[in-house]
Amino acid sequence: MRNIFGQGAAFALALLLAACSGGDAAKGAGDAGKPIVVGFSQVGAESEWRTANTTSVKAALAEPEFRLKFSDAQQKQENQIKALRSFIAQRVDVIAFSPVVETGWESVLREAKAAGIPVVLTDRAVKVSDDSLYATFIGSDFVEEGRRAARWLLEDSKGRAGPVRIVELQGTVGSAPANDRMKGFREIIDADKRFAIVRSQSGDFTRAKGKEVMEAFLKAEEGIDVLFAHNDDMAIGAIQAIEEAGLKPGEDIRIVSIDGVRGAFEAMKAGKLNATIECNPLFGEQLAGLIRDVAAGKPVPRRVQVAEGVFTRDQAEAELPKRKY
Ligand code: GYE
């Protein structure tokens, strides 16, 4: 008897749970034959990292399981807010987006919540007062990437006399990767008195801007020892500026950057870039898994980490053929 009651209770509980989780948020998404409609707002196409990320996301959120509404914000928050509002109006099942900057999302996220549409943050985090405004965040640990860049520099500076004069090319102003990479890098170098950041300015994560700002750095500063660039594309732009100024990138000015894109491995192979800290953009499949769970009303972790490493010049030749982005 106890057994039968037990089963009955379990069955009732399962029904209840199914009813609860099948609320407005799920709207039947994932039902047999019905695709999960996902609105994805991408930052832009500013870097090699970003284009690899877009390819990975598009490949993973493919038909017939998903129906993807993809929108490119061209690095502008106002465009992203417009895209999110249009996803809400279309009543998509799940919204996923990579927020260009950290702040200014409260109202639109509240609108999504009121509409019962769960939000998955990808790649970049937001600062909001209410954590229930998004379901989960999948992305890298940018503070740790900044620390890794600094630790590489410390290691590479062993036995060198100071001062070590560093210039920094920051990512997009107000973006999570720019804020966090600055923070992590300083945390480590501040402990060693030889190191000084003599110039720091945004190159907006693009090659063109990286080159332009590096040119200005070279005009303004004599004896730059190190460049820390928040992404590989800016470093690659800066390498051009350094060469045009008659200096040897990788020798006269040591360079460390972040992402680990193919262009960085090629620059390392040519001896022009010293190290790159990996930031893996290929999380499309992981994202698809999260979206599947969120759409089905299943519990998901608040934070999902992407695994990554550090690569130096001596590894470039062997690693290059293995790189997928
Ligand atoms: O490092 C940069 C891109 O948010 C991690 O954005 C991403 C960064 C990446 O433009 O190349």
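User: Why is Lys211 called buried?

Analyst: In this predicted model, Lys211 has a relative accessible area of 19%, and because the label buried applies under 20%, Lys211 is counted as buried.

User: What makes Lys211 and Glu215 a salt bridge?

Analyst: The N to O distance between the side chains of Lys211 and Glu215 is 3.3 Å, and since a salt bridge requires a Lys or Arg side-chain nitrogen within 4 Å of a carboxyl oxygen of Asp or Glu, the pair qualifies. Both residues lie in helix α7, 4 residues apart, which is about one turn of the helix. Glu215, at 29% relative accessibility, is partly exposed, because that label covers values between 20% and 50%.

User: Why does Glu144 count as buried, and what is the label for Arg151?

Analyst: Glu144 has 18% relative accessibility and so counts as buried, the cut-off being under 20%, whereas Arg151, at 39%, counts as partly exposed. The closest N and O atoms of their salt bridge are 3.0 Å apart, and both residues belong to a network of salt bridges that also includes Arg147, Arg148 and Glu187. A search of the whole structure finds 27 salt bridges.

User: What makes His230 buried, and which backbone atom lies 3.0 Å from a polar atom of its side chain?

Analyst: His230 has a relative accessible area of 0% and is therefore buried. His230 is found in the loop between β8 (226–229) and α8 (232–244), and the backbone nitrogen of Gly171 lies 3.0 Å from a polar atom of the His230 side chain. Leaving aside neighbours within four places in sequence, His230 is in contact with residues including Glu168, Pro177, Arg181, Phe205 and Ile258.

User: How do you know that Ala83 is buried?

Analyst: The relative accessible area of Ala83 is 7%, so Ala83 is buried. Ala83 lies in helix α3 (residues 77–89) and, apart from neighbours within four places in sequence, is in contact with Ser41 and Ser71.

Conventions: Residues numbered from 1 in each chain as written. Predicted model: local features only at pLDDT ≥ 70, side-chain atom pairs only at ≥ 80, totals over all residues. Heavy atoms only, no water. Helix = DSSP H or I, 4+ residues; strand = E, 2+ residues; numbered from the N terminus. Buried < 20%, exposed > 50% of the residue type's maximum accessible area, 1.4 Å probe, protein only. Polar contact = N/O pair within 3.5 Å; in protein donor to acceptor, adjacent residues only side chain to side chain. Contact = heavy atoms within 4.5 Å.
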